[in-house]
Amino acid sequence: MEKSIVSKNYVNLKRVRRRKRLWRQLPFHLMLLPGVILVFIYMYLPMIGLKIAFENFIPAKGLFGPQKFVGMRNFQMLLRNPQTMPALRNTIIISAWKMALHLLVPVIVSILLNEIQSNAFRRLSQTLIYLPHFLSWIILAGILIDLLSPNGGLVNRLLGLFGAEPIFFLGSNKWFRFTLVFTDVWKEFGFGTIVYLAAITNIDPTQYEAATIDGCSKYQIYSRIILPLMKPSIVTTVIIQFYWKWDDYMGPLLYLSRPQSYTVSIAIKLFADSASTTDYGAMFAMSTLSLIPVFLIFLFFNRYLVQGIGTSGLKG
């Protein structure tokens, strides 16, 4: 009898403590509520439209009207479309190269910046590296198109001095992927550099001193201390970069004009025709396919994402 009374009192005490904790945290939940509502309205609610991928959608009947369910027929038609596989292949190749270079280049540059002794020169270098991140893709696209133009572009003029033939960087099957990847890395690697540099500067300097006393070289300090401690930042940044680069729309839209060069985000417009009937089923089937890798990455790596944001320079 006494044990049951004690256990009941313990349960009641836990409930009281939980209520007090929730009451103390209530203002923070209320502050978070507007952001949660906006995310739900603009990011989750529109996903209802993905049901069009499984219907013979007729706009006149409305989104929730009596549409005919066709199952996987839209996906079958999509996979038989000759433009689908090139778009998927381009997206996979370009995204893989962007992710790899957005990992290597910022890590290497952040390590080099960390070794600079002059604070003034380091700050100047950080500013110059980060500056392209703030420039609009519209401005950069106009500059790069003029520079890379096969008809009088500066790059092709320089190549002509060495007797090389003009290269259509944005239209050639051989060069358009390289051009997209290079321009994107040049513009955005400053963001990753700042994140990794913040992670390096947050490492306790006494660990460097202890490693130096133990006889570790610079390479050993970076490989055994700095890089392992940067792992949460690296993993988090790679996941975020994948989200950005897989569904990148602005760069391909501005640069690419040939359907053979389209990525998935741009290939969707192939199914829209203002002069005739738009194939909504195929459009939303392509959209659904493009969401699968993002969903899988989030499902399997969400724990690392949360850990990285909580323990790295991204949290600020």
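This is a predicted model: local features need pLDDT of at least 70, side-chain atom pairs count only at pLDDT 80 or more; totals for chains, interfaces and linings use all residues.
1. Aromatic pairs. A pair of aromatic rings is described by the distance of the centres and the angle of the planes. The count of such pairs here is four. One of them joins W175 and F178, with 5.7 Å from centre to centre and 80° between the planes. This pair is edge-to-face because planes over 60 degrees apart are classed that way.

2. A stacked pair. F178 also pairs with F182, at 5.9 Å centre to centre and 20° between the planes. The pair is stacked, because the angle is under 30 degrees. F178 and F182 are four residues apart in helix α7 (residues 176-201), so about one helical turn separates them. Taken together, W175, F178 and F182 form one aromatic cluster.

3. F182 has a relative accessible area of 51% and is exposed, because the class begins over 50%.

4. Packing of α4 and α7. Two packed helices are described by the angle between their axes and the distance between the axes. The axes of helix α4 (residues 119-130) and α7 come within 7 Å and cross at roughly 140°. That angle makes α4 oblique to α7; the label roughly antiparallel is kept for angles over 145 degrees.

5. Residues between the two helices. On the α4 side, the contact is made by Q126, I129 and Y130. Their partners in α7 are F189, G190, F191, T193, I194 and L197. Of the residues in this contact, six are nonpolar, three are polar and none is charged.

6. The largest nonpolar core. In soluble globular proteins, nonpolar side chains tend to be buried together. The largest nonpolar core in this model has 16 residues. Which of its members touch the most others? They are Y196, I200, Y208, I226 and M230. Helices α3 (84-114), α7, α8 (205-213) and α9 (218-246) each supply at least two residues of this core. The largest share, six residues, comes from α9.

7. Leaving aside residues up to four places away in sequence, M230 touches S110, Y196, A199 and I200. Another core, of 15 residues, lies apart from the largest one. Its members include L88, I266, F271 and M283.

Key. Residues are numbered from 1 along each chain as its sequence is written. Side-chain values use heavy atoms; hydrogens and water are left out. Rings of Phe, Tyr and Trp (its six-membered ring) pair if their centres lie within 6.5 Å; planes under 30 degrees apart count as stacked, over 60 as edge-to-face and the rest as tilted. Buried means under 20% relative accessible area, exposed over 50%, partly exposed in between (1.4 Å probe, protein chains only). Axes are lines fitted to C-alpha atoms, for helices over the stretch in contact, and angles run from 0 to 180 degrees between N-to-C directions. Angles under 35 degrees count as roughly parallel, over 145 as roughly antiparallel, 65 to 115 as roughly perpendicular and the rest as oblique. Contact means heavy atoms within 4.5 Å. Ala, Val, Leu, Ile, Met, Phe, Trp, Tyr, Cys and Pro count as nonpolar, Asp, Glu, Lys and Arg as charged, and the others, Gly among them, as polar. A nonpolar core is a set of buried Ala, Val, Leu, Ile, Met, Phe, Trp, Tyr and Cys residues joined through side-chain atoms within 4.5 Å.
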